[in-house]
Amino acid sequence: MYLKDKKILIGITGSIAAYKIADLVRRLTEQQAQVRVVMTQAAMQFITPLTMQAVSGHKVYTDLLDAEAEAAMGHIELARWADIVLIAPASADFMARLTHGLADDLLSTLCLATTAPIAIAPAMNQQMWKAPATQANCQTLQQRGVHFFGPASGLQACGEDGLGRMLEPFDIIDCLHQHFTSQILAGKHIVITAGPTREDIDPVRFISNRSSGKMGYAIAKAAQLSGANVTLVSGQTCLSKPPKVNTIDVYSAQDMYESVMQYIEQADIFIATAAVADYQPKQQATQKIKKTQEAMSIELSKTTDILASVGHMQNKPFVVGFAAETNNVEAYAKDKMVRKNLDMIAANLVGVENAGFESDHNALTVYWPDGQQVLPHCTKTELAHHLIKVIAQRYEQSK
Ligand code: PMT
């Protein structure tokens with residue numbers, strides 16, 4: 001969402017990691033960012049301008065003295081056009097040339113001519129990265145305000161292991177998101193519950209619900225990108241752990257309650273997105289229950305209400321609940337807000353097409369004691385960013 005319409009000028013320099021930039025550009029265009037590509041002569045030894053033109057959908061710029069290119073978008077115009085100049089991969093040689101302010105090719109000239117922020121994703125052999133010259137260049141560039149995305153550590157193309165690998169495309173996208181997202185929750189610790197819980201009947205069967213965890217994971221990611229330190233307490237889902245989020249896997253409502261209580265003392269904000277089972281079997285059979293009776297009933301007892309427990313804590317954080325309803329959404333949500341002593345509640349319709357459980361999309365209406373806000377029907381990723389904005393505003397006003 002935060003990359004939509006952002007103008008990203010990618011400078012590719014000579015490194016084997018250049019092949020990954022085709023994937024990076026594809027992902028950026030999927031997120032509706034506007035991408036233009038500039039390549040150095042060395043970069044073209046690793047990937048062709050034709051490939052980059054195909055994935056970006058635009059002419060690729062390679063020469064400083066190219067009359068045809070200058071007639072379309074000249075180097076000064078390109079430098080002015082960009083919201084950010086991202087050098088990826090950035091070789092040790094290019095970093096050195098940038099440090100010294102050389103302007104002997106299109107990319108180095110652009111870097112001198114732009115007022116946009118410059119970000120660098122270094123890619124080089126671990127010894128080259130460690131070399132005093134590279135480290136000194138890195139320090140100088142950082143002092144001038146150049147952002148560094150990575151490098152990462154790991155096995156390198158040369159067979160060595162260490163710091164110097166270019167970040168993977170999705171990690172670079174994360175850094176771009178972070179760059180363009182205002183850090184409205186900087187320094188705040190947020191605990192979020194997500195996904196379903198499972199309440200065992202016997203070793204084979206359990207009671208659960210349709211939650212996929214998508215809404216909670218999207219909120220965790222949006223909070224992390226907004227600068228928060230996030231602990232995500234998650235029931236069983238098929239989703240991969242969001243990067244830079246402390247994810248705690250739990251199984252049952254009781255496990256979730258215990259994990260939340262372990263982290264809640266340090267939390268500034270608690271967001272309960274999980275679809276926690278309201279009831280659990282009173283007894284769990286230790287062996288598989290056999291199919292001998294025509295009918296059977298299972299006695300259930302209430303699970304601990306995690307949200308209400310946090311809401312009634314003496315030094316409670318700012319508490320945001322969710323309400324999943326099939327009808328009377330507003331009335332039921334407001335009732336939960338009062339009963340569980342919440343600062344806010346986000347209500348959504350479930351059991352409908354293209355929203356609620358499992359869907360990639362959702363819509364929410366957020367209520368607080370003296371106000372409300374309707375958040376639009378959109379992807380859960382976009383919705384999470386809208387919600388985090390409202391939570392940050394309400395949290396600030398509550399202090
Ligand atoms: O996971 P997805 O597939 O993306 O779907 C998202 C969602 C529909 C699950 C999510 O948007 C949502 O609505 N989550 C809350 C689901 C729910 O259990 O709502 P509820 O109205 O039954 O519970 C009210 C609140 O109390 C919730 O914040 C719930 O987390 C909390 N609760 C409930 C019972 C309990 N024992 N402990 C709790 O903390």
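Biologist: Fine, what should I know about how it was made and counted?

Modeller: This is a predicted model, in which local features need pLDDT of at least 70 and side-chain atom pairs count only at pLDDT 80 or more, while totals for chains, interfaces and linings use all residues. Residues are numbered from 1 along each chain as its sequence is written, and side-chain values use heavy atoms, with hydrogens and water left out.

Biologist: How many helices and strands does the chain have?

Modeller: The chain has 14 helices and 19 strands, where helices (H or I, at least four residues) and strands (E, at least two) are DSSP runs numbered from the N terminus. Its C-alpha trace spans about 80 × 50 × 40 Å along the principal axes.

Biologist: And what percentage of the residues count as buried?

Modeller: Of the 399 residues, 51% count as buried, meaning under 20% relative accessible area, with exposed being over 50% and partly exposed in between (1.4 Å probe, protein chains only).

Biologist: Now the ligand, which residues are closest to it?

Modeller: The closest are Ser211, Ser212, Ala274, Lys336 and Asn348, out of 30 residues that surround the ligand; a residue belongs there if one of its heavy atoms lies within 4 Å. The shell divides into 13 nonpolar, 10 polar and seven charged residues, where Ala, Val, Leu, Ile, Met, Phe, Trp, Tyr, Cys and Pro count as nonpolar, Asp, Glu, Lys and Arg as charged, and the others, Gly among them, as polar. The largest share of the shell, four residues, comes from E16.

Biologist: Which atoms of lysine 380 and glutamate 358 lie 2.7 Å from a ligand oxygen?

Modeller: For lysine 380 it is an N or O atom in the side chain, 2.7 Å from an oxygen atom of the ligand, whereas for glutamate 358 a backbone N or O atom lies 2.7 Å from an oxygen atom of the ligand. A backbone N or O atom of threonine 304 also lies 3.0 Å from a nitrogen atom of the ligand. Taken alone, the ligand exposes 780 Å², and the protein buries 95% of that, with areas from the Shrake-Rupley method, a 1.4 Å probe and, for residues, only the protein chains shown as cover.

Biologist: You listed Asn348 there, so is it buried or exposed?

Modeller: Asparagine 348 counts as buried, because its relative accessibility is 7%, and its place is in strand E17 (residues 344-349). Its side chain is joined to that of asparagine 362 by a polar contact of 3.0 Å, that is, a pair of N or O atoms within 3.5 Å, where within protein one must be able to donate a hydrogen and the other to accept it, and residues adjacent in sequence count only if both atoms are side-chain atoms.

Biologist: Last one, where is glutamate 70?

Modeller: Glutamate 70 is in helix H3 (residues 67-73) and is partly exposed, with a relative accessible area of 31%. Not counting residues up to four places away in sequence, glutamate 70 touches Leu64 and His75, contact meaning heavy atoms within 4.5 Å.
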